[in-house]
Amino acid sequence: MKYASAEVRKQFFIDMFTRDISLEDCVLDLIDNSVDAYLLKHETSISELVFGPDGNPAAHELGKIDVTCTERQIKVVDTCGGILRKRAMGEVFCFGHDEDDQVGKLGAYGVGMKRALFKIGNHFHIVSRTPQEGFEVTFKLDEWADRKEWNIPITFIEGAGSEKKAGTSITVTELHDEVALRIKEGGVPKNILEDASTTYPYFLGQCVRLRINDTDVNPEPIKLGELDGVLRAAHEKFVQDRVVVTLAATVAPGQRKAEDAGWYILCNGRVVVHADKTNLTGWSNDLASFQPKYRSFVGIASFESEDPLNLPWTTTKRDLNRESGVFIRARALMATMSKPILTFLNSQYSGDTTVEVADIRDAVGGVKEVSFKDIAAKPTTGFLYSPPKRKEKKTEWVRFQADVSSLDKVRRRLRRPNMGAGDIGKLTLSHYVKTECAE
């Protein structure tokens with residue numbers, strides 16, 4: 001028996017490995033590693049962050065993540081606890097996870113850091129310290145690509161000495177020409193900041209503080225709404241394939257822009273899909289095509305699992321695996337939950353000027369912000385709209401034109417020459433009711 005070579009060519013691997021991910025998402029992958037280090041260190045669950053009390057759930061000091069992005073280097077420095085030597089030697093630099101690896105919450109496939117480094121530049125310097133021990137890695141991609149071996153040179157160094165100083169620093173220099181050019185043209189740091197604010201609303205301020213080029217990144221919350229006694233959000237929950245799925249759909253509070261409307265998909269608390277209005281989440285297929293009149297619609301689909309490989313995200317964490325069984329089931333429910341909300345929003349643009357239409361418009365305008373966790377804590381239900389009860393009218397305006405001569409006759413008869421027309425109208429109505437309507 002003879003065997004043909006089927007080995008992986010390193011340069012081909014590098015080219016294909018980095019082709020389908022943006023520079024901004026590469027930086028987010030490095031941030032993911034820092035967040036994961038904090039979650040592992042403090043044993044913080046995703047449920048605590050998404051559905052627990054506001055603020056730092058474990059009352060630990062926030063981890064700090066600082067990103068520097070220039071045309072000369074991209075650097076990510078954190079105080080999130082560092083990486084153990086054992087993991088560095090056997091897991092961190094491998095492509096993919098082994099079944100015995102310590103898997104984090106956001107690191108699903110074991111490719112994020114390596115792909116980010118390879119995409120960004122040629123020279124890498126990594127220093128990581130736990131309180132007790134540390135390691136340092138320095139290598140060049142072009143030299144590594146020329147070697148037959150796949151291993152990475154590593155040096156053991158002293159630990160940080162304290163929990164507060166423990167963390168990791170990743171510096172990429174000798175940026176690839178296309179990367180340096182994009183950064184030089186401007187906009188990349190701003191894109192990273194904006195992407196981070198919408199990607200980590202359940203992590204920023206709760207477990208980490210993030211800065212991009214010395215600018216603090218503030219979380220951009222996903223705003224849901226309800227109106228007491230009038231409008232209640234739809235809510236569903238199920239467990240499949242060791243994934244807990246929590247769904248909520250409703251009318252968003254306040255004045256909304258069309259770009260903010262749609263479905264938000266979370267995988268272990270990280271926003272993977274932002275304000276989706278495509279057939280990925282049922283639009284133009286199970287639902288109507290998106291139109292500006294639906295700009296108040298908002299939905300959240302949260303997928304949570306102890307094993308991130310069970311989640312329906314792709315390796316770039318910017319799309320979903322449409323063949324995932326748990327996503328297929330969730331997508332069907334999402335469409336069912338959305339339909340009555342779109343019908344409700346559509347009805348406020350009816351050509352009728354009825355009281356019912358006015359009530360719907362008042363309800364949409366009066367919606368108050370409510371958190372995802374508060375909706376998730378309630379029993380599952382479909383979208384509910386209960387029109388407000390109107391008070392029975394006790395009075396009504398009566399207006400009509402009357403001849404001045406007729407009014408003057410009444411004034412002379414009553415000997416009240418200054419009596420107003422309104423008083424005369426009240427008097428004549430009262431007289432008619434007493435004399436002609438008496439039972």
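Predicted model: local features only at pLDDT ≥ 70, side-chain atom pairs only at ≥ 80, totals over all residues.
Which helix supplies the largest share of the lining of the largest pocket? Residues are numbered from 1 along each chain as its sequence is written, and side-chain values use heavy atoms, with hydrogens and water left out.

Start with the overall form. The chain has 13 helices and 17 strands, taken as DSSP runs numbered from the N terminus (H or I, at least four residues, for helices; E, at least two, for strands). Its C-alpha trace spans about 120 × 50 × 40 Å along the principal axes. The radius of gyration is 32 Å, well over the 22 Å that the globule rule gives for 439 residues, so the chain is more spread out than a compact globule. Here the radius is taken over C-alpha atoms, and the rule is 2.2 Å times the number of residues to the power 0.38. Of the 439 residues, 45% are buried, meaning under 20% relative accessible area with a 1.4 Å probe and protein chains only.

Now back to the opening question. The answer is α2, which gives nine residues to the lining of the largest pocket. That pocket holds about 700 Å³ of space. Its lining counts 40 residues, and the closest to the centre are Asn33, Ala37, Leu40, Ile83 and Arg87. A pocket here is an open set of points on a 1 Å grid over the protein atoms alone, where a 1.4 Å probe fits, with protein on both sides within 12 Å along at least five of seven lines; lining residues have an atom within 4 Å of a point. The volume is the space filled by probe spheres set on the points, which are joined across faces, edges and corners. Besides α2 (23–42), the elements that each supply at least two lining residues are β2 (74–78), α4 (85–92), α5 (112–120) and β6 (167–175). By type, the lining divides into 15 nonpolar, 14 polar and eleven charged residues. Nonpolar covers Ala, Val, Leu, Ile, Met, Phe, Trp, Tyr, Cys and Pro; charged covers Asp, Glu, Lys and Arg; the others, Gly among them, are polar.

Val398, Phe400, Ala421, Gly422 and Gly425 lie nearest its centre, out of 17 lining residues. Here α13 gives the largest share, seven residues, and the lining divides into nine nonpolar, five polar and three charged.

On to the aromatics. There are 22 aromatic pairs, counted when ring centres of Phe, Tyr or Trp (its six-membered ring) lie within 6.5 Å; planes under 30 degrees apart are stacked, over 60 edge-to-face, and the rest tilted. The rings of Phe17 and Phe118 have centres 6.2 Å apart and planes at 70°, so this pair is edge-to-face. Phe17 sits in α1 (residues 10–18) and Phe118 in α5, so the pair ties together parts 101 residues apart in sequence. Both Phe17 and Phe118 are buried. They also belong to a cluster linked by ring pairs, with Phe13, Phe95, Phe124, Phe139, Trp144 and Trp150. The charged end of Lys10 sits over the ring of Trp144, 4.0 Å from its centre, where the test asks for NZ of Lys or CZ of Arg within 6 Å of the ring centre and within 35 degrees of the ring normal.

Definitions and conventions
Buried < 20%, exposed > 50% of the residue type's maximum accessible area, 1.4 Å probe, protein only.
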